[in-house]
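This report goes through one model by backbone geometry, confidence, domains and chain contacts. Please keep the sequence and the structure in view while reading.

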Amino acid sequence: MVKSIAFAFATYGVAIIVSIFTAGIIELFYLIFNRKEGKKTRDGKVEKA
Amino acid sequence: MGFSIWDFFQGLYTFSLTEPKVAAVRFVLILAGFIFLYLGYRRILEPFLMIPMGIGMLGVNTGVLVLEAGKAGNLFVDPLLSDPNQLISILQVNFLQPVYNFTFSNGLIACLIFMGIGAITDLDYLMARPLMSMMLAIGAELGTILVLPIGVASGLHINEAASIALVGGADGPMVMYGSLKMAKELFVPITVVAYLYLSVCYVGYPYLIKLLIPKRLRGVQMDPLAVREVSPAKKFAFAVIIMGILSILFPVAAPLFASFFLGVAVKEAGLTRFVEFLSGPLLYGSTLFLGLVLGALLSSEVILNSNVLLLLGLGMLALLLSGIGGLLAGLIYYKLSKKKVNPLLGIAGVSCVPTTAKVAQKCAAESNVFAFILPYAMGPCVAGVITTAIITGIYVSGIPHLL
């Protein structure tokens, strides 16, 4: 029982870390692509990075 | 001549061959088959699953005949056979046995469905608000986490408890894959429980939302035009990289990751023919056989397993807790965003693509006709697939070390 509680919460911890890591990778993509392509504004124009 | 009239009506005769309890359960399952068919036909439950499942249940429980050694059986499928010689013989007799052995017992059908889901999944909304989407999805995994110790406390083995806990992730293929890897003997009831509950999500979650979120908050408007644009190249690169990273971290779930991101990759690469195949014939063909074989596996022997009632309760609890967790995460984001994020986005984190996102939109529109949150809700909905895959990977690789 105690083992299962510990395992469940350890799983939650790892899942949170991996999720933040995944979100970080996506943000990194934006950083790299926007630097290369320039940032698009809402009206479709491209700002130079 | 030893013929009797009952030799011609074995479906009826076999009711008297089995114990009264088994015969009674068989009768109940026949009725349940009719009910599933009715509910599917009326679109109250998911028709793509309920109609093949109802036909399978009806067929396997009505079509019982006397086999060798005077035992009652059917010509559909026998999931309990493992002896290679018996298996080779039965593959030539039972019509669904090849489908079961070559696509179910190795998890292939879950992967095929995942390829189809990947091909219809749009990563735009996840990539537009990645942290919010992932955090809401993590909140909506509460049931997947809490039902594991609750299941153990209720008397299940930790591998069985983990398998039923995955219902909280609301991804049918993931539950099927997880239970095949962790608790093969309970794979049929767990998968049936999962698909049964997933098909009632659309009906059940609005009540939970109305109970937990005040009407004023349900109607919070979000600007659909503020979702940032994501190019196919970015989505393709993300799919490929994240698939590689997740497979390195959780190799046991690599077939699921590969299948899902294959679908996403061919879509973003613009391979229209592949997308048409994955999202059409493959996805719907697999769903048809999934429903039919699941129905055919629902014989009285399976239902009489003493754990089935417990699994029904735990499955419902897992989805309920995940819904509560998602809505709580939505409320936290509402506060953090200074009341700009609609808390209903949290329910979309439960996943079950795209049902929960539609539920969020439906409830928001009921409170405020100008609340259009579907594009935002699709983010946590897709993120939910990834978080459930992560948790499945941890459970499948970690649980054997705890046994």
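## Backbone geometry in the loops of chain B

Does B:K339 count as buried or exposed, and how many C-beta neighbours does B:K339 have inside 10 Å? B:K339 counts as exposed because there are 11 such neighbours, where buried means 20 or more other C-beta atoms within 10 Å of a residue's own, exposed 12 or fewer, and partly exposed in between, with C-beta atoms placed from the backbone. This lysine is found in the loop between α19 (308–336) and α20 of chain B, and B:K339 has a positive phi of about 65 degrees although it is not a glycine. By contrast, B:A170 counts as buried because it has 33 C-beta neighbours inside 10 Å; the phi of B:A170 is near 55 degrees, again a positive value, and B:A170 is in the loop between α10 and α11 (172–182) of chain B.

Most residues other than glycine have a negative phi, and most peptide bonds are trans. The peptide bond from B:V353 to B:P354 is cis, with omega near -10 degrees, and B:P354 is found in the loop between α20 (345–348) and α21 (355–367) of chain B. Helices here are DSSP runs (H or I, at least four residues), numbered from the N terminus.

## Basis and confidence

This is a predicted model, in which local features need pLDDT of at least 70 and side-chain atom pairs count only at pLDDT 80 or more, while totals for chains, interfaces and linings use all residues. Residues are numbered from 1 along each chain as its sequence is written, and chains are lettered from A and ligands numbered from 1 in the order in which they are written.

The model scores ipTM 0.81 and pTM 0.84. The mean pLDDT (the predictor's confidence in each residue, from 0 to 100) of chain B is 89, and 99% of its residues reach 70 or more.

An automatic or database domain assignment gives chain B domain 1 (5–103) and domain 2 (122–282 + 296–402). In chain B, 17 residues of domain 1 are in contact (C-beta atoms, placed from the backbone, within 7 Å) with eleven residues of domain 2. To the side of domain 1 that touches domain 2, α3(B) gives the most, with seven residues.

Between the chains, 30 residues of chain B are in contact with 23 residues of chain A. On the side of chain B that touches chain A, α22(B) gives the most, with eight residues.

Technical notes. Two residues are in contact if their C-beta atoms, placed from the backbone, lie within 7 Å. Helices (H or I, at least four residues) and strands (E, at least two) are DSSP runs, numbered from the N terminus.
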